[in-house]
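Hello,

Here is the structure I promised to send over. Please open it first, then read the notes below it.

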Amino acid sequence: MRNLPPSLRLRLTGAVMMPLAALVLLFGIITAWVTHDTEADTVDRVLVGSVRTLSLVYNSRSPERENLLPLAVHLLQRRARPVVHYSVYRGDQLLAGDPALPPPADYRETWDGVIDPHAPATFVNAYRANPLVRGYLNPADAKLVMQAAYLRDGKLHGKPARIATEIRRPAGESALIVIQIADYIDDRRAYEHQFMIRVLLVGLAVLAVTGLLFWWAIRWGLRPLIDLTQQVEMAQQDASPAFRLRSSVADPAEIRPFVAAFNGLMTRLERASNSLRQFTSNASHQMRTPLAVARVHLDVLERYGPTSPQGQAALTDIPHAIDSLELLLRQMIALARSEDQGDMQMRPFDLADLTATVTADRAAQAPASLDIGYDNCMDGPLMALGQPALAGELLGNLLDNAIRYNRPDGMVAVSVWLDDQEAVVEIDDNGPGIPPDQRDKVWERFYRISGRTSAPGTGLGLPIARALADRLGAQIELRDGRTGQGLCVLIRFRLAPA
């Protein structure tokens with residue numbers, strides 16, 4: 001089965017719905033607890049209130065009692081929570097109600113002098129503070145009550161039941177009667193179960209409706225991204241580095257950084273594409289010259305033979321053409337490598353020691369008539385921040401230029417020092433130099449100063465140096481030579497942290 005790509009809409013919906021589902025679950029748990037507690041309290045209040053109602057009937061004298069009892073029972077059965085299970089006993093004699101609801105085991109027909117052996121039922125009333133006497137507003141109603149209404153768990157017809165019990169002495173009698181009201185616990189649990197099912201259905205409905213609304217809201221919120229995607233898809237039909245995303249004032253603020261970053265990337269891509277196109281064109285043009293020279297000399301060898309004067313001259317010129325082509329290819333590869341590097345690990349290195357090493361290597365390869373000197377103004381290490389290999393290649397490149405484009409008896413002075421929290425390398429020569437009006441142009445690839453054809457070159461040395469300096473975070477500055485002749489090159493590196 002093919003795995004489907006992750007969906008941002010699903011992720012956002014899940015990110016919102018999971019906390020919401022947790023809140024609905026928490027609400028359900030709290031509701032269940034409150035419902036259970038409220039239902040138990042309500043049923044207990046009804047039972048105690050009902051048993052006191054019947055008790056007040058027996059506080060009346062006969063024959064009023066016989067007339068009031070049916071009315072009281074009828075009233076209890078017509079309430080919002082009807083009471084249908086009750087019994088009234090005098091001793092073992094059932095006076096009224098259900099015989100399946102017997103008296104408690106500690107009930108006695110005669111009073112033993114103890115009032116309220118069981119703790120009477122009490123309820124918290126946060127809205128009224130009516131003074132009650134053992135549950136009654138009228139103290140006279142509680143005068144003949146020996147056991148105020150209390151609650152206990154028992155059995156009724158073999159099923160668990162909640163029972164409210166009160167014991168009193170009826171008016172005009174000496175024996176005690178026990179009055180009981182009962183309600184099945186199963187009825188209470190059934191009510192709680194039905195109520196929780198309704199709460200669950202409401203919670204699921206809320207989740208479903210919220211999920212649909214949020215799904216639609218996400219689709220509306222992602223509309224700017226969909227519009228940008230359509231722009232990109234349309235641009236694929238005629239792909240061009242000049243493509244830019246268009247955004248309107250109505251687009252969200254979060255979209256604008258993405259559009260700006262994308263357009264910036266396309267700008268760099270367009271610049272790189274144009275640079276590559278120009279580089280390819282210039283490279284093909286530059287490579288054509290040494291290849292043409294080599295081909296001409298090969299034709300001369302083929303026509304006149306290698307022993308002829310023309311053949312000997314061709315054999316002399318062919319290595320120069322090959323050297324020019326080799327130098328061009330080597331510098332093109334170096335330029336590509338300097339521009340196509342991943343993230344580098346910058347680390348401290350001794351710039352003075354590296355400069356001395358590079359200078360010594362180049363001096364050993366330079367013509368003997370050329371004077372090359374090195375001076376460390378720090379008289380010790382000069383710690384810079386960068387990549388030693390690239391820094392060495394940068395210094396070697398600039399030093400090669402100073403040697404190649406110099407007079408036969410010229411001079412090259414290399415020095416290092418600390419200037420304004422920067423590590424500086426100076427390469428000064430007394431060669432022909434670079435005119436000030438062309439110092440900005442020499443950074444262009446394959447640019448050659450007009451009128452100089454004596455020294456072999458490709459026009460890639462300084463562009464390579466600039467690319468390496470950019471990679472290292474260094475800066476290159478071109479000045480007039482210190483002697484008034486030639487060129488002075490300053491390379492400024494970042495100092496390593498202490």
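Of the 498 residues in the protein, 38% are buried. Keep in mind that this is a predicted model. The secondary structure amounts to 9 helices and 12 strands. The protein exposes about 29,700 Å², and carbon and sulfur atoms supply 58% of that area. Among contacts with a separation of 6 or more, 65% join residues 24 or more positions apart.

Helices

Start with helix 3, residues 185-221. It has 37 residues. From first C-alpha to last, helix 3 reaches 52 Å, close to the 54 Å expected at 1.5 Å a residue. Its buried residues are I185, R188, E192, V199, G203, L207, G211 and I218. What do they pack against? The buried residues of helix 3 pack against helix 1, strand 3 (145-156), strand 4 (159-168) and strand 5 (177-184).

Helix 7 covers residues 351-365. Its 15 residues should span 21 Å at 1.5 Å a residue, and the end C-alpha atoms are 21 Å apart, so the two values agree. Buried in helix 7 are L351, A352, L354, T355, V358 and T359. They cover an arc of only 160° around the axis, so they sit on the same side of helix 7.

Helix 1 runs over residues 8-58 and holds W33. Is W33 buried or exposed? W33 counts as exposed because its relative accessibility is 60%, and the cut-off for exposed is over 50%. W33 also belongs to a nonpolar surface patch of about 520 Å².

Look at L462 as a contrasting case. L462 lies in helix 9, residues 461-472. L462 has 12% relative accessibility, so it counts as buried; the cut-off for buried is under 20%. Leaving out residues up to four places away in sequence, L462 touches N397, L398, N401, I434, V442 and W443. Take V442 from that list. L462 and V442 are 20 residues apart in sequence, and their C-alpha atoms are 6.8 Å apart in space.

Salt bridges

The count comes to 12 salt bridges. Three of them deserve a look on screen.

First, D419 and R492. Their closest N and O atoms are 3.0 Å apart, and the two residues form a salt bridge. This pair links distant parts of the chain. D419 is in strand 9 (residues 411-419), R492 is in strand 12 (residues 487-495), and the two are 73 residues apart. R492 is buried because its relative accessible area is 14%. D419 has 29% relative accessibility, so it counts as partly exposed.

Next, R479 and E477. These two form a salt bridge, with the closest N and O atoms 2.9 Å apart. R479 is at 35% relative accessibility and therefore counts as partly exposed. E477 is at 29% relative accessibility and therefore counts as partly exposed.

How do these pairs fit together? D419, E422, E477, R479 and R492 are linked in a network of salt bridges. Display those five residues together.

Then R162 and D153. Their side chains meet in a salt bridge at 2.9 Å, N to O. D153 counts as exposed because its relative accessibility is 56%.

Back to strand 9

One more residue there is S415, which is placed in strand 9. S415 has 9% relative accessibility, so it counts as buried. Beyond residues up to four places away in sequence, S415 touches D375, V424, V425 and E426.

Best wishes

Definitions and conventions. Residues numbered from 1 in each chain as written. Predicted model: local features only at pLDDT ≥ 70, side-chain atom pairs only at ≥ 80, totals over all residues. Heavy atoms only, no water. Patch = residues over 30% accessible without salt bridge, like charges linked within 9 Å, V, L, I, M, F, W, Y side chains within 5 Å. Areas by Shrake-Rupley, 256 points an atom, 1.4 Å probe, with all protein chains shown as cover. Salt bridge = Lys/Arg side-chain N within 4 Å of Asp/Glu carboxyl O. Helix = DSSP H or I, 4+ residues; strand = E, 2+ residues; numbered from the N terminus. Buried < 20%, exposed > 50% of the residue type's maximum accessible area, 1.4 Å probe, protein only. Contact = heavy atoms within 4.5 Å. Expected span 1.5 Å × (residues − 1). Arc of directions from axis to C-beta.
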